[in-house]
Amino acid sequence: MKPRHRRLALVAAGLLLASAGVTLALGAFRSNLVFFVTPAQIAAGQAERGALLRVGGLVQPGSVERDATAQARGLKVRFVLADGPHTLPVVFEGVLPDLFSAGRGAIAQGRIDASGTLVATEVLAKHDENYMPPGVHAPDAGQAGAR
């Protein structure tokens, strides 16, 4: 085999290995992507009942109720996720994230039961993408930074 042909075979083998690696990486990336559905999509029948879902929306103000029984120790929470006119009641037993509050975005993962309530196993709080450290929102914060 001539050196030119050997080089061509090595380049072809390298390209084949690189393309196989990229294909495997993209396949792993695609399988790890997790999307969420909205209460409007659930109301439209675009989500299967009984399937594991992630539902995103705003926590309706005034809807957060904690079960204060001694047995539950206040860890059982009921709230409503809203997406415009569509709502979805959620029940979660566990510790909520610190950023969780009424009127803010949240994503709840779980299954919808026969009554149409999402029984959540995990709740994630969405934060504002315009994060500012505490104290920056103060009226004189701009002047303090200019010094």
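Thr117 sits in the loop between strand E5 (105–112) and E6; strands (E, at least two residues) and helices (H or I, at least four) are DSSP runs, numbered from the N terminus. With a relative accessibility of 13%, Thr117 counts as buried, a label given to anything under 20% relative accessible area, while over 50% is exposed and in between is partly exposed (1.4 Å probe, protein chains only). Setting aside residues up to four places away in sequence, Thr117 touches Pro89, Val90, Val91, Arg111 and Ile112, where a contact means heavy atoms within 4.5 Å.

Residues are numbered from 1 along each chain as its sequence is written, and side-chain values use heavy atoms, with hydrogens and water left out.

Now for the overall picture. The chain has three helices and six strands, and going along the sequence they come in the pattern α-α-β-β-β-β-β-β-α. Of the 147 residues in the chain, 24% are buried. Among contacts with a separation of 6 or more, 49% are between residues 24 or more positions apart. The accessible surface comes to about 10600 Å², and carbon and sulfur atoms account for 59% of it; such areas come from the Shrake-Rupley method with a 1.4 Å probe, and for residues only the protein chains shown count as cover.

Next come the strand pairings (two strands pair if DSSP finds at least two bridges between them). E3 and E4 run antiparallel and are joined by eight bridges, with Val77 having Phe92 in E4 as its bridge partner. Their hairpin has two residues between the strands, and Gly84 there takes a positive phi near 70 degrees. E4 also pairs with E6, this time in the parallel sense, over three bridges. Here Val91 stands opposite Val119 in E6.

As for the inside, the largest nonpolar core has 20 residues, and Ile42, Val55, Phe79, Leu81 and Val123 have the most contacts inside it. At least two residues of this core come from each of E1, strand E3 (76–83), strand E4 (86–93), E5 and E6. A nonpolar core is a set of buried Ala, Val, Leu, Ile, Met, Phe, Trp, Tyr and Cys residues joined through side-chain atoms within 4.5 Å. Beyond its neighbours within four places in sequence, Val123 is in contact with Phe79, Phe92, Leu96, Pro97, Phe100, Ile107 and Ala108.

The structure holds one salt bridge, meaning a side-chain nitrogen of Lys or Arg within 4 Å of a carboxyl oxygen of Asp or Glu. It joins the side chains of Arg54 and Glu122 (3.9 Å, N to O). The pair links distant parts of the chain, with Arg54 in strand E1 (residues 53–59) and Glu122 in strand E6 (residues 118–125), 68 residues apart. Arg54 is partly exposed at 22% relative accessibility, and Glu122 is partly exposed as well, at 31%.

Finally, a word on confidence: pLDDT is the predictor's confidence in each residue, from 0 to 100. The chain averages 81, and 79% of the residues score at least 70. Among the elements, E4 has the highest mean pLDDT (93) and helix H3 (residues 141–146) the lowest (46). Over residues 138–147 pLDDT stays under 50, and the model has two contacts beyond four places in sequence for them. Where pLDDT is low, the predicted coordinates should not be read in detail.

Methods:
This is a predicted model: local features need pLDDT of at least 70, side-chain atom pairs count only at pLDDT 80 or more; totals for chains, interfaces and linings use all residues.
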